[in-house]
Amino acid sequence: MLAAMSRPIIGHLDPAFIAMMEEMRAMLQSAFKTRNALTLPVSAPGSAGMETCFVNLVEPGDKVIVCINGVFGGRMKENVERCGGTAVTVEDDWGTPVSVDKVESALQAHPDARLLAFVHAETSTGAESDVQALCELAHRHDCLALVDAVTSLGGSPLHVDDWGVDAIYSGSQKCLSCTPGLSPVSFSERAVERIRSRRSRVQSWFLDLNLVMGYWIGSDGKRAYHHTAPINALYALHEALVILHEEGLEASWARHRRHHEALRAGLEGMGLHFLVDQAHRLPQLNAVLVPEGVDEAGVRAALLERYGLEIGAGLGPYAGRIWRIGLMGHAANERNVLVCLGALESILAEAGAAVPGKALPAARAVYGEQLRREAA
Ligand SMILES: *Cc1c(COP(=O)(O)O)cnc(C)c1O
């Protein structure tokens with residue numbers, strides 16, 4: 001990836017670069033499992049992909065149902081309001097998925113809502129929501145469905161077309177293991193229709209898809225300069241997508257799941273408990289409760305200083321109460337799982353926590369079982 005970034009810088013309308021853009025769009029379509037023509041990477045991080053979706057789809061006065069079960073749903077509400085829309089929020093406890101029943105009641109109570117927005121993989125808690133069920137509900141109530149897939153793309157099953165997603169954004173640096181700074185997005189025909197029939201101009205010039213399309217897709221074989229594309233960052237994304245396609249999307253989903261199972265067994269083997277119940281746990285984001293009396297930040301600092309391992313802190317109501325262990329992209333591997341378990345268990349034991357010392361045997365048993373299953 002870094003080697004790809006150091007390739008010679010060429011013009012953003014160079015025929016060789018345009019050929020690469022087309023490859024990238026095709027690879028993004030298969031990563032999202034979509035045939036959406038309007039699929040491209042926004043030239044800025046995941047938050048800009050989020051804004052791209054909202055500024056293009058929300059007009060002043062529009063009503064939007066926004067699901068909040070963690071940090072990122074809260075940001076969606078901000079976006080709706082800054083676009084002049086009215087956000088109707090459906091709130092669920094942090095650590096639980098978005099409640100399909102509550103969303104259905106909100107859609108019934110607000111038949112004038114035009115959009116339903118929610119997060120697939122809530123990175124602040126490690127909870128996964130049911131994209132397919134929520135999209136079906138949205139369509140049944142004449143709403144478009146807008147999905148945050150920043151942490152899910154490449155790491156968890158995601159079928160944009162089959163599940164009926166209308167607008168989706170992701171990020172380069174989570175399960176795609178690319179450098180930060182780019183946000184793949186994709187829009188269905190229905191969403192494109194909504195954008196084309198807007199009553200008002202998109203308030204952001206930079207994120208206005210009508211203009212961005214002129215560069216990324218063009219018309220009559222001609223492309224127009226809109227902004228200077230971050231050429232080297234796009235080399236890296238191209239490389240990350242090639243790596244994903246060489247492994248295979250389904251194989252990548254399965255790898256995240258496999259290493260999560262081993263990590264889970266190990267964490268439970270050292271007596272830790274997950275925040276999210278098993279049915280809604282993301283493989284790529286493992287949130288565990290900090291045991292009573294343990295210095296939460298001290299443990300993270302020791303992991304980083306002594307083992308070069310960084311784990312995340314809790315956010316919002318879970319600040320100081322959970323650790324968030326990421327297994328994203330190429331970081332989802334056996335070495336990381338075993339090093340993390342061994343290191344965390346030693347640090348907890350040193351801190352005087354009652355750890356049963358069963359983390360590594362439990363993880364190894366899961367890996368052994370997986371090998372036996374594969375061989376069978
Ligand atoms: C990381 C993240 C974002 C924001 O992405 P940035 O690249 O940091 O702007 C948005 N939503 C979710 C669920 C995320 O995990």
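Is Lys77 buried or partly exposed? In this predicted model, Lys77 has a relative accessible area of 28%, so the residue counts as partly exposed.

**Salt bridges**

Lys77 and Glu81 meet through their side chains in a salt bridge, with 3.2 Å from N to O. Both residues belong to helix 4 (residues 71–82), where they are four residues apart, about one turn of the helix. Glu81 is also partly exposed, because its relative accessibility is 39%.

The salt bridges in the structure number 19. One of them joins Arg223 to Glu22, with the closest N and O atoms 2.9 Å apart. This pair links distant parts of the chain, 201 residues apart: Glu22 is in helix 2 (residues 15–32), while Arg223 is in the loop between helix 9 (209–216) and helix 10 (231–247). Glu22 is partly exposed, at a relative accessible area of 33%.

A further salt bridge holds Glu350 and Arg306, whose closest N and O atoms are 3.0 Å apart. Glu350 is in helix 13 and Arg306 in helix 12 (residues 296–307), so this pair ties together parts that are 44 residues apart in sequence. Glu350 is exposed, with a relative accessible area of 53%. Arg306 is partly exposed, with 46%.

| Salt bridge | N to O distance |
|---|---|
| Arg223 and Glu22 | 2.9 Å |
| Lys77 and Glu81 | 3.2 Å |
| Glu350 and Arg306 | 3.0 Å |

Three strands form an open sheet in the order 10-12-11, and their pairing is antiparallel. Strand 10 (285–289) and strand 11 (312–313) are the edge strands; each has a single partner strand, so one side of each has no neighbour in the sheet. Strands of a sheet pair through backbone hydrogen bonds, either parallel or antiparallel. Strand 11 and strand 12 run antiparallel and are joined by two bridges.

**The largest pocket**

Strand 12 (322–326) also contributes to the largest pocket: this strand and helix 13 (334–350) each supply at least two residues of the lining. The pocket contains about 520 Å³ of space. Its lining has 22 residues, and those closest to the centre are Glu310, Gly326, Leu327, Met328 and Ala331. By type, the lining residues are eleven nonpolar, eight polar and three charged. Both domain 1 (2–247) and domain 2 (249–375) take part, each giving at least three residues to the lining of this pocket.

**The largest cavity**

How many cavities of 30 Å³ or more does a search of the whole structure find? The search finds one. The largest cavity has a volume of about 60 Å³. Residues that line this cavity include Leu40, Pro41, Val42, Phe206, Leu207, Trp216 and His227. Strand 1 (38–42) and helix 9 each provide at least two residues of the lining. The lining of the largest cavity consists of eight nonpolar residues, three polar and no charged.

Notes: Residues numbered from 1 in each chain as written. Predicted model: local features only at pLDDT ≥ 70, side-chain atom pairs only at ≥ 80, totals over all residues. Heavy atoms only, no water. 1 Å grid on protein atoms, 1.4 Å probe; cavity = no way out; pocket = protein on both sides within 12 Å on 5 of 7 lines; lining within 4 Å. Points joined across faces, edges and corners; volume = space filled by probe spheres on them. Nonpolar A, V, L, I, M, F, W, Y, C, P; charged D, E, K, R; others polar. Domains from an automatic or database assignment. Salt bridge = Lys/Arg side-chain N within 4 Å of Asp/Glu carboxyl O. Buried < 20%, exposed > 50% of the residue type's maximum accessible area, 1.4 Å probe, protein only. Pairing = 2+ DSSP bridges.
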